[in-house]
Amino acid sequence: MKNEHPWQLADIPFLNASHAVEVLRRARQHQRLAHAYLLHGPEGAGKEALALYLAQGFLCTARSTGATAALFAPAAAGEPLACGQCSACRRIAEMTHPDLHLIFPRAGSATEKEMLEVLQSFAAQPWYRSRPWENSFILIDDIRELKRKLAITSYEGTGAVVLLLEAHRLKAESANALLKILEEPPPNTYFLLTAVSVEGLLPTILSRCQPLAVPPVAQQEMIDFLVRRYGVAAERAALVAAMAGGNLREALALLGDDLESRRRLAVEFMRAAFKFNKPVEQMDFLSQLTNEHDRQELQQLLRFCLVWVRDACVIKACGPGQRLVNADLQEALLALVKNLPHFDFAGVIDELEYALDCLERYVQPWLVLMVLLHRINQLARPGR
């Protein structure tokens, strides 16, 4: 399987400079590695790419001084965890190392071809892995298979690393099956779990892992990454990074989109909140919107609305001339602030975030958006 990305993971600043990497660097300097780490942070923060980089750090032969993954040569601050050049590093990046085990959520009906495509996409772009199943979980069959593999001595004798992606999608029986090997892992076996939040994970799993928070990707780091890795023009990269709000997956999805039409649709949606005197027109708009766009696209629409409202809030607080994401739409934002002097920006932002959460939880989209429009209308003229 060919690794398509031309960079070493250590060359990506937001990975090599992360807090998690520094923690692991210090831990191995003092030979005090934990056997399980939980990388938790928001969607698109690069947790899975970071986990792959840490896996290289465990198995890199150039950085090791012993026969096991727990023995490392002293490393200076800022030095990459892994060389990226040795055979182990290259095979980990290509997902062909026999002692690297990958577990990810999937549908029970997933085919071998679909799972291979996920593996290939993870090797090609570990920050943008393919996720072909909308409602997927980590299945107990995969945990049982993992236990069977770990019962065998590592193929290369230096230990094994398990990458368990999206641990918040562990089914109850899977989590309980995982507990046993987390509690008593085979010698020189290390676990790297990722999750969007520690909430929802069993306390017994949390207690067996060292949590490492992964923040959203900083805006300037994302701009640099998009420009250097994908050749995006600096101006477009800046707009995409601002729209993505630290979510690298969102940014990469936006690269292929017509941003202008998306922004116009977001403004149209906000205007629909003031058409309760035209209920038929409003309902037709919502029906068309939910019929033509899937759940992810509707979430993206609401994130555009969030940026729009935040820009207006900046103008309201600081006046015109501020640095805005929608700088080219400043006249429309000024009109909103002028015509709705009592607009409750904080309240509308809360409602948009709540609607995003409802869509994430698979609440019926048409209902979510109708309630949201009603709340925006109320908060635009509070006390009316």
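Author: Start with the rule. A salt bridge is a side-chain nitrogen of Lys or Arg within 4 Å of a carboxyl oxygen of Asp or Glu. This model is predicted, so local features need pLDDT of at least 70, side-chain atom pairs count only at pLDDT 80 or more, and totals for chains, interfaces and linings use all residues. Residues are numbered from 1 along each chain as its sequence is written, and side-chain values use heavy atoms, with hydrogens and water left out.

Reader: What makes Lys180 and Glu184 a salt bridge?

Author: Their N to O distance is 3.8 Å. The limit is 4 Å, so the pair qualifies.

Reader: Why is Glu184 called exposed?

Author: Exposed means over 50% relative accessible area, buried under 20%, partly exposed in between (1.4 Å probe, protein chains only). Glu184 has 53%, so Glu184 counts as exposed. Lys180 has 46%, so Lys180 is partly exposed.

Reader: What makes Arg375 and Glu351 a salt bridge?

Author: Their closest N and O atoms are 3.1 Å apart. Arg375 lies in helix 17 (residues 365-380) and Glu351 in helix 16 (residues 345-360), so the pair ties together parts 24 residues apart in sequence. Helices here are DSSP runs (H or I, at least four residues), numbered from the N terminus.

Reader: Why is Glu351 called buried?

Author: Its relative accessible area is 19%, so Glu351 is buried. Arg375 has 26%, so Arg375 is partly exposed.

Methods
Helices (H or I, at least four residues) and strands (E, at least two) are DSSP runs, numbered from the N terminus.
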